[in-house]
Amino acid sequence: MDNLHAPTIPSGPSSRPAQNGQSIQRTMGELQHKKADIEAELRALSGVLDSHGVDMNTPLLTRDGFPRADIDVAQIRTTRSRIIHLRNDYKDLMDTIEKRIHEHFASLPEESTATPEPAVRDGPPAAALRDYVAPATLMEAFAKVNTVADGGPAAAAGLKPGDEIRAFGYVNASNHDDLKKVAECVRGNEGAQLIDL
């Protein structure tokens with residue numbers, strides 16, 4: 001245990017593509033949604049560190065070299081590790097988005113040679129049809145509300161028994177970790193609206 005600061009605890013799935021050369025081609029909308037999810041999770045994890053009164057560089061050892069007793073060293077190390085992974089994923093994602101934007105504008109015809117498109121008589125112009133993006137499908141529900149305490153935050157938010165939870169901040173069906181991530185998200189986003197029914 002030479003360096004207590006080095007993250008050694010697994011931090012969950014990564015958004016990086018598979019290493020076997022098969023990368024999944026995502027739409028810009030999916031990339032933007034993934035970007036928003038990572039940003040939300042980073043904010044929540046930062047809130048977890050703030051709740052302990054530490055940051056990414058706060059020493060976790062006493063002057064004698066023992067783990068500090070006034071903080072939850074294991075949770076802080078796990079949180080820091082996840083933040084490091086997410087920052088790397090975020091950088092890769094932003095590189096992909098930037099590349100896609102450059103490819104999109106490089107594929108557009110030059111406007112000086114383009115002729116105006118004739119209007120379609122009984123419908124939207126052809127440009128509007130070409131740029132149409134189908135609405136996103138609903139995310140898979142990962143939890144169902146059994147009861148709601150009267151006067152509590154859930155009741156104030158409009159939750160009712162039987163409602164299905166599809167997203168809770170950055171938490172969704174693919175990453176909820178048996179609802180542990182929901183508690184983590186609540187700690188990091190106290191007072192913010194997080195539920196998507």
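**Conventions**

For helix packing I take axes as lines fitted to C-alpha atoms, for helices over the stretch in contact, and angles as running from 0 to 180 degrees between N-to-C directions. Helices (H or I, at least four residues) and strands (E, at least two) are DSSP runs, numbered from the N terminus. I note that the model is predicted, so that local features need pLDDT of at least 70 and side-chain atom pairs count only at pLDDT 80 or more, while totals for chains, interfaces and linings use all residues. Residues are numbered from 1 along each chain as its sequence is written, and side-chain values use heavy atoms, with hydrogens and water left out.

**Entry 1: the chain**

I looked up the secondary structure and found five helices and five strands, which follow one another along the sequence as α-α-α-β-α-β-β-β-α-β. Of the 197 residues, 25% count as buried, where buried means under 20% relative accessible area, exposed over 50%, and partly exposed in between (1.4 Å probe, protein chains only). For contacts (heavy atoms within 4.5 Å), I took the pairs at least 6 apart in sequence and found that 64% of them join residues at least 24 apart.

**Entry 2: helix α1**

I then turned to α1 (residues 28-52), which has 25 residues and reaches 37 Å from its first C-alpha to its last, close to the 36 Å expected; the expected span is 1.5 Å times one less than the number of residues. Its buried residues include Leu 31, Ile 38, Ala 44, Leu 45 and Val 48, and the buried residues of α1 pack against α2 (73-107), β4 (171-172) and α5. After the helix comes Gly 53, with a positive phi near 75°.

**Entry 3: α1 against α5**

I find that α1 and α5 (residues 180-188) pack at an angle of about 75°, with their axes 7 Å apart. That makes α1 roughly perpendicular to α5, a label that covers 65 to 115 degrees. On the α1 side I list Glu 41, Arg 43, Ala 44, Leu 45, Gly 47 and Val 48, which meet Lys 181, Glu 184, Cys 185 and Gly 188 in α5. The residues of this contact divide into four nonpolar, two polar and four charged, with Gly counted as polar. I checked Arg 43 separately: at 51% relative accessibility, Arg 43 counts as exposed, and Arg 43 and Cys 185 are 142 residues apart in sequence but 9.1 Å apart in space, C-alpha to C-alpha.

**Entry 4: Val 145**

Lastly I looked up Val 145, which lies in the loop between β1 (143-144) and α4 (153-156) and is buried, with a relative accessible area of 13%. Leaving aside neighbours within four places in sequence, Val 145 is in contact with Leu 159, Lys 160, Pro 161, Gly 162, Asp 163 and Ile 165. For Lys 160, I note a separation from Val 145 of 15 residues in sequence and 7.0 Å in space, C-alpha to C-alpha.

Technical notes. Parallel < 35°, antiparallel > 145°, perpendicular 65-115°, else oblique.
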